[in-house]
Amino acid sequence: MIDEQDYEESNQMWKNSLYAYMVGKRPYLVHFNAYIRRVWKPTGSWDVFPRENGFYLIKFEKGEDYDRILKGGPWFMDSKLIIIKKWEADFNFEKAMLTTYPVW
């Protein structure tokens with residue numbers, strides 16, 4: 001059983017985190033990190049964690065970087081759309097899979 005204080009500390013630790021999903025084949029981690037450095041240009045540090053079903057969890061040091069990426073876009077990598085979602089403690093990767101995609 002997790003007590004409420006531990007739960008809140010965990011939420012604070014991940015508050016500047018986003019999920020990213022690439023439409024199509026997921027890029028290698030090294031390529032995605034290079035994209036973040038080159039295109040998103042965060043002013044602070046970041047960590048990227050590959051997850052199930054092609055998702056990445058991206059944890060930013062600075063809230064400004066988090067806000068800019070979340071509110072910016074649309075984002076594309078190698079002409080593939082990157083879907084960005086806020087981190088949630090109970091995020092369900094299966095339910096988050098897209099079955100239709102917007103076309104511009």
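The entries below go from the ground rules to the cores, then to single elements and residues.

**Ground rules**

I am working with a predicted model, where local features need pLDDT of at least 70 and side-chain atom pairs count only at pLDDT 80 or more, while totals for chains, interfaces and linings use all residues. Residues are numbered from 1 along each chain as its sequence is written, and side-chain values use heavy atoms, with hydrogens and water left out.

For helices I take DSSP runs of H or I with at least four residues, and for strands runs of E with at least two, numbered from the N terminus.

**Entry 1: the cores**

I began with the nonpolar cores, meaning sets of buried Ala, Val, Leu, Ile, Met, Phe, Trp, Tyr and Cys residues joined through side-chain atoms within 4.5 Å. Buried is under 20% relative accessible area, exposed is over 50%, and partly exposed lies in between (1.4 Å probe, protein chains only).

I found 18 residues in the largest core, and Phe 32, Trp 40, Ile 58 and Ile 82 have the most contacts inside it. Two or more residues each come from strand 1 (17–22), helix 2 (29–40), strand 2 (46–50), strand 3 (55–60), helix 3 (63–71), strand 4 (75–77) and strand 5 (80–86). Which element gives the most to this core? I got helix 2, with 4 residues.

I also noted a second, separate core of 8 residues, which includes Trp 14, Tyr 19, Tyr 21 and Leu 57.

Next I listed the contacts of Trp 40, where contact means heavy atoms within 4.5 Å. Leaving aside neighbours within four places in sequence, Trp 40 is in contact with Phe 32, Tyr 35, Ile 58, Phe 60, Arg 68, Ile 69, Trp 75 and Ile 84.

**Entry 2: strand 1**

Is strand 1 enclosed or exposed? I count 6 of its 6 residues as buried, so strand 1 is largely enclosed by the rest of the structure. Ser 17, Tyr 19 and Tyr 21 are buried on one side, and Leu 18, Ala 20 and Met 22 are buried on the other, so both faces are covered.

For its partners I used the rule that two strands pair if DSSP finds at least two bridges between them. Strand 1 runs antiparallel to strand 3, with 5 bridges, and Tyr 19 has Leu 57 as its bridge partner there.

I then looked at Ser 17, which sits in strand 1 and has a relative accessible area of 0%. Not counting residues up to four places away in sequence, Ser 17 touches Leu 57, Ile 58, Lys 59, Tyr 66, Lys 86 and Trp 87.

**Entry 3: helix 3 and what follows**

Helix 3 has Asp 65, Tyr 66 and Ile 69 as its buried residues. Why do they lie on the same side of helix 3? Because they cover an arc of only 100° around the axis, taken from the directions from the helix axis to the C-beta atoms. As background, an α-helix has 3.6 residues a turn, so residues three or four places apart point the same way.

I see strand 1, helix 2, strand 3, strand 4 and strand 5 among the elements covering those buried residues. The face turned away from the buried side carries the exposed residues Glu 64 and Lys 71.

After helix 3 comes Gly 73, with a positive phi near 100°. A cis peptide bond joins Gly 73 to Pro 74, with omega about 10°, and Pro 74 belongs to the loop between helix 3 and strand 4.

**Entry 4: positive phi in a loop**

I checked Asp 78 in the loop between strand 4 and strand 5. Its phi is near 50°, a positive value in a residue other than glycine, and Asp 78 is exposed at 61% relative accessibility. Ser 79 is found in the loop between strand 4 and strand 5, with a positive phi of about 65° although it is not a glycine. Ser 79 counts as exposed at 73% relative accessibility.

**Entry 5: two last look-ups**

Arg 37 in helix 2 is exposed, with a relative accessible area of 52%. Not counting residues up to four places away in sequence, Arg 37 touches Pro 42 and Trp 46.

I finished with Met 13 in helix 1 (residues 4–13), which is partly exposed at 46% relative accessibility. Met 13 and Glu 61 are 48 residues apart in sequence and 9.7 Å apart in space, C-alpha to C-alpha.
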